[in-house]
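Let's take a friendly walk through one part of this structure. Have the sequence and the 3D view open as you read.

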Amino acid sequence: MVLTGTLVNGLAIIVAGFIGLMVQNIPEKMKTTVLQAIGLAIILLGLQMGLQTEDFLLVIGCLAVGAVLGEWIGIDSYLNKLGKWIESKLKPAKSGESGKVAQAFVTTSLIYVVGAMAVLGSIDSGLRADHSLLYTKAMLDGLSAIIFASTMGFGVLLSAIPVMLYQGTIALLATYIAAFVPDVLLEQFILEMTAVGGVMVVAIGLNILGLTTIRVANLLPALPVLALVILMLSLF
């Protein structure tokens, strides 16, 4: 089935997230240190992704245009409102905990969808029914979900929803993507998308460390902008 890899990925996040919640009652100092370690590791991952670009000006330009569009649309605000609405339906917010579900939901959703594995794995699932890459991603996402859920809470489990929607859509459209997009163009997009996503991952890491309050979700339009620019450049 085309969506097998996507469903396994989503279930891995949910199951691993529940495991993480079971070990949530750890000392606050330890939780803080673990979260800081995660933030540092995420920054390192983002730098590794970002340095893969072959055109820094393209990355900068797409991020700038994407930021303008994202702020105009208010993507970050909508995602946070969604997270807080879900939080309000689950349980009354305790003192000092309001917004934690929304923060965990937005943060982990972005981490799980901006990488190249999500796109490549979904395309493989859709074209060849080869789910091996998404199975690998499911394992990695699951391991990180245990850590995230133990430190950030229930909102991590909710990130399975955008992951399945995003990857499922790509898998279902994979046949059309392959028919109309040359392999060379697709490879260039994936390379530069990895770099653009890497910048977002660095921003997520900085936010986790509490050094910044970057509205990373508002940078997401940089990805379709990048696809459009690469398509236009290929025509001229």
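Which residues in α6 meet which residues in α7?

## Where α6 meets α7

This is a predicted model, and in it M117, A118, L120, G121, S122, D124 and S125 of α6 meet L133, L134, T136, K137 and L140 of α7. Sorted by class, the residues in this contact are six nonpolar, four polar and two charged.

How do the two helices lie against each other? Helix α6 covers residues 116–128 and helix α7 covers residues 132–152; they pack at an angle of about 140°, and their axes are 8 Å apart. Angles over 145 degrees would count as roughly antiparallel, so α6 is oblique to α7.

## A closer look at α7

With 21 residues, α7 spans 29 Å between its first and last C-alpha, close to the 30 Å expected at 1.5 Å a residue. After α7 comes G153, which has a positive phi near 100°.

The buried residues of α7 include L134 and K137, both of which also take part in the contact with α6. Further along, A145, F148, A149, S150, T151 and M152 are among the buried residues as well.

## The largest nonpolar core

F148 of α7 turns up again here: along with V196, M200 and L226, F148 touches the most other members of the largest nonpolar core, a set of 53 residues. Helix α10 (residues 183–208) supplies the largest share of this core, with 12 residues.

What does V196 touch, leaving aside its neighbours within four places in sequence? V196 is in contact with V59, L63, A222, L223 and L226. Among these partners of V196, L226 is also one of the core members that touch the most others.

Definitions and conventions: Residues are numbered from 1 along each chain as its sequence is written. This is a predicted model: local features need pLDDT of at least 70, side-chain atom pairs count only at pLDDT 80 or more; totals for chains, interfaces and linings use all residues. Side-chain values use heavy atoms; hydrogens and water are left out. Axes are lines fitted to C-alpha atoms, for helices over the stretch in contact, and angles run from 0 to 180 degrees between N-to-C directions. Helices (H or I, at least four residues) and strands (E, at least two) are DSSP runs, numbered from the N terminus. Angles under 35 degrees count as roughly parallel, over 145 as roughly antiparallel, 65 to 115 as roughly perpendicular and the rest as oblique. Contact means heavy atoms within 4.5 Å. Ala, Val, Leu, Ile, Met, Phe, Trp, Tyr, Cys and Pro count as nonpolar, Asp, Glu, Lys and Arg as charged, and the others, Gly among them, as polar. A nonpolar core is a set of buried Ala, Val, Leu, Ile, Met, Phe, Trp, Tyr and Cys residues joined through side-chain atoms within 4.5 Å. Buried means under 20% relative accessible area, exposed over 50%, partly exposed in between (1.4 Å probe, protein chains only). The expected span of a helix is 1.5 Å times one less than its number of residues.
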